[in-house]
Amino acid sequence: MTTRTVLHMLSPRPQVSPFDINMAVDAGFDMIFPHANVSPDQVYGLTQDIIFSRVPKGVKETAIFIGGRDIGIALDMMETVKKAMVPPFEVSVLADPSGAFTTATALVASVEKQLKEKHDLEMKDCRAVVFGGTGPVGISTGVIASLAGADVTLVDHLSLDTAMQTAAEYSRRCGCHLKGTFSSSGASKSWLVNRADILFNTTKAGIQVLDKEMLEDTTRLKVVGDVNAVPPAGVEGVKAKDMGAPLSTTPNSPDAVSVGPLAVGGIKYKLQNAMLRDLLRTEEHVYFDFREAFTRARRLV
């Protein structure tokens with residue numbers, strides 16, 4: 001009898017993301033089982049139910065996806081899953097809460113490439129500002145850029161305390177160094193823009209965070225990356241398919257270029273699809289998080 005491939009999708013939220021379910025279907029899993037409202041204390045038992053219900057050959061045809069929206073909870077769930085494994089009953093696991101890991105790694109890798117090609121600079125040479133920096137994609141973007149060497153500041157639009165607490169928590173969790181600040185006015189946004197080499201926009205879709213007046217005085221800006229695919233652009237002047245196109249809204253930084261959301265999204269899709277497929281292709285079980293995603297994103301861009 002042929003063993004069918006199975007993906008168990010764990011989420012602490014009331015529903016598992018339809019986006020992630022579609023991605024799993026496209027990756028070729030035979031059976032997909034969403035598990036919603038999964039609390040951290042349930043993860044150990046669920047994992048052992050998953051691994052012990054199939055013989056070792058069947059275990060190799062089984063995988064776990066960890067979703068949700070909170071990347072801290074997802075990382076904790078990943079650690080619990082690891083502890084629940086009992087060799088040879090071990091399955092492969094991918095964590096990608098809210099698609100944040102694959103989106104952020106695609107974004108940072110794309111910006112990193114443009115930085116090198118257009119300006120002959122590395123991340124370690126640059127100061128980066130992440131607008132929307134306390135959301136899942138923003139935090140992930142900041143962590144990855146920091147680990148790549150950039151001096152990173154996460155920006156919250158309401159609360160300095162939230163920004164600083166988030167920066168401290170994920171610096172500790174991920175072994176990087178993040179700063180936090182908040183910015184709600186045009187003047188404060190301009191102040192941050194004028195001190196940045198790299199701008200990442202990971203704020204809520206459909207909202208323009210930076211307009212041309214906030215961008216026009218910067219003299220040091222090199223690359224802008226925007227993941228907002230819903231008009232208007234999160235950063236004025238960034239077009240959806242841009243991948244290194246000149247940015248028209250920065251007259252005093254004439255060499256600044258942009259990376260748009262559809263360009264990032266294309267890489268993100270290929271990345272998540274390949275990682276889902278590889279959960280079943282590897283001989284040994286694997287644990288994929290933002291680290292593996294960034295390694296692969298650098299190869300894709």
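This is a predicted model: local features need pLDDT of at least 70, side-chain atom pairs count only at pLDDT 80 or more; totals for chains, interfaces and linings use all residues.
Trainee: What pLDDT do side-chain atom pairs need in order to count?
Mentor: Residues are numbered from 1 along each chain as its sequence is written, and side-chain values use heavy atoms, without hydrogens and water. Totals for chains, interfaces and linings use all residues, local features need pLDDT of at least 70, and side-chain atom pairs count only at pLDDT 80 or more.

Trainee: In which hand does α1 pass α10?
Mentor: Helix α1 (residues 18–27) and helix α10 (residues 261–281) pack at about 60° with axes 9 Å apart, and are therefore oblique. A crossing is left-handed if the near helix is turned anticlockwise from the far one by less than a right angle, and right-handed if clockwise. The crossing of α1 and α10 is right-handed.

Trainee: How does Asp120 count, buried or exposed?
Mentor: Asp120 sits in the loop between α5 (100–119) and β5 (127–131), and has a positive phi near 55° although not a glycine. Buried means under 20% relative accessible area, exposed over 50%, and partly exposed in between (1.4 Å probe, protein chains only). With 57% relative accessibility, Asp120 is exposed.

Trainee: Which strand holds the partner of Lys179 in its salt bridge with Asp151?
Mentor: A salt bridge is a side-chain nitrogen of Lys or Arg within 4 Å of a carboxyl oxygen of Asp or Glu. The closest N and O atoms of Lys179 and Asp151 are 3.1 Å apart. Lys179 lies in β7 and its partner 28 residues away in sequence, so the bridge ties together β7 and strand β6.

Trainee: Which residue bridges to Asp289?
Mentor: Asp289 is buried at 13% relative accessibility. The closest N and O atoms are 2.6 Å apart, and the partner is Arg291.

Trainee: What accessible area do Leu160, Met164 and Phe182 have together?
Mentor: Phe182 is in strand β7 (residues 178–182) and is partly exposed at 36%. Patches take residues with over 30% relative accessible area and no salt bridge, joining like charges within 9 Å and nonpolar side chains (Val, Leu, Ile, Met, Phe, Trp, Tyr) within 5 Å. Areas come from the Shrake-Rupley method with a 1.4 Å probe, and for residues only the protein chains shown count as cover. The three residues form a nonpolar surface patch of about 260 Å².

Trainee: What is omega for the cis peptide bond that joins Pro87 and Pro88?
Mentor: Pro88 is in the loop between α4 (71–84) and β4 (92–95). For the cis bond from Pro87 to Pro88, omega is about 5°.

Technical notes. Helices (H or I, at least four residues) and strands (E, at least two) are DSSP runs, numbered from the N terminus. Axes are lines fitted to C-alpha atoms, for helices over the stretch in contact, and angles run from 0 to 180 degrees between N-to-C directions. Angles under 35 degrees count as roughly parallel, over 145 as roughly antiparallel, 65 to 115 as roughly perpendicular and the rest as oblique.
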